[in-house]
Amino acid sequence: KQWYQRRVRGGGWEGVLSEISLDINRISERNLGRDNRVVGDHGRDSVAPYLDEDFVSFVNSLPVQYKVDFTKERGVGEKLILRKLAASYGLNSCSTLPKRAIQFGSRIAKLEGKKEKGGDKCTRFVRT
């Protein structure tokens, strides 16, 4: 969220839209490989229904103001649609939890090395 807030200050909503587009375009090489390692380490397969192409296209067609409100605090102002949906199903306690990326929640980013980026190929497991 803080990154997007800086983008609003620096480039307005167009800056946020540009950053969201960048995130979407690089998610497979930057995030999903790492996330799959985290989940696979626990003997599970990851499922990402929110990455369905039709769903992503639909959400991207919505005005960004429906998805985020930077005047609200963390855990309330981001992921607005998902938070409202969770609350409508009575999941009030989790509808206000701050978003936490899987690599930080699992601490895998620290275990894998601070100099590595999400898109880097892991060389520790490659035999030469």
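Lys and Arg count as positive here and Asp and Glu as negative, while His and the chain ends are not counted. Keep that in mind for the charged stops on this tour.

**Before you start**

This is a predicted model, in which local features need pLDDT of at least 70, side-chain atom pairs count only at pLDDT 80 or more, and totals for chains, interfaces and linings use all residues. Residues are numbered from 1 along each chain as its sequence is written, and side-chain values use heavy atoms, with hydrogens and water left out.

**Stop 1: the whole chain**

Show the protein as a cartoon. Its secondary structure comes to five helices and zero strands. Helices (H or I, at least four residues) and strands (E, at least two) are DSSP runs, numbered from the N terminus. Now colour by pLDDT, the predictor's confidence in each residue, from 0 to 100. The mean for the protein is 77, and 70% of its residues reach 70 or more. Among the elements, helix 3 has the highest mean pLDDT (90) and helix 4 (residues 102-105) the lowest (59).

Next, think about cover. Buried means under 20% relative accessible area, exposed over 50%, and partly exposed in between (1.4 Å probe, protein chains only). Of the 128 residues in the protein, 20% are buried.

**Stop 2: helix 1**

Select Glu 14, which lies in helix 1. Glu 14 is exposed, with a relative accessible area of 59%.

Move along to Asp 23 and Arg 26. They form a salt bridge, with the closest N and O atoms 3.3 Å apart. A salt bridge is a side-chain nitrogen of Lys or Arg within 4 Å of a carboxyl oxygen of Asp or Glu. Asp 23 and Arg 26 are about one helical turn apart because they are three residues apart in helix 1 (residues 2-40). Asp 23 is partly exposed at 25% relative accessibility. Arg 26 is partly exposed too, at 23%.

**Stop 3: a second pair**

The count comes to two salt bridges. For the other contact, select Glu 78 and Arg 83, whose side chains meet at 2.7 Å, N to O. Are Glu 78 and Arg 83 buried or exposed? Both are buried.

**Stop 4: the positive patch**

Select Arg 74, Lys 79, Lys 99 and Arg 100, which form a positive surface patch. Patches are made of residues with over 30% relative accessible area and no salt bridge; like charges are joined within 9 Å, nonpolar side chains (Val, Leu, Ile, Met, Phe, Trp, Tyr) within 5 Å. The place of a charge is taken as NZ of Lys, CZ of Arg, CG of Asp or CD of Glu. Zoom in on Lys 79, in the loop between helix 2 (53-61) and helix 3 (80-88). Lys 79 is partly exposed, at 38%.

**Stop 5: the nonpolar patch**

Select Tyr 50, Phe 55, Phe 58, Leu 82, Leu 85, Tyr 89 and Leu 91. Together they form a nonpolar surface patch with about 730 Å² of accessible area. Helix 2 and helix 3 are the elements that give it two or more residues. Such areas come from the Shrake-Rupley method with a 1.4 Å probe; for residues, only the protein chains shown count as cover. Leu 91 sits in the loop between helix 3 and helix 4. It is partly exposed, at 45% relative accessibility.

**Last stop: Pro 98**

Pro 98 lies in the loop between helix 3 and helix 4. It is partly exposed, at 38% relative accessibility. Pro 98 and Glu 73 are 25 residues apart along the chain, with 9.2 Å between their C-alpha atoms.
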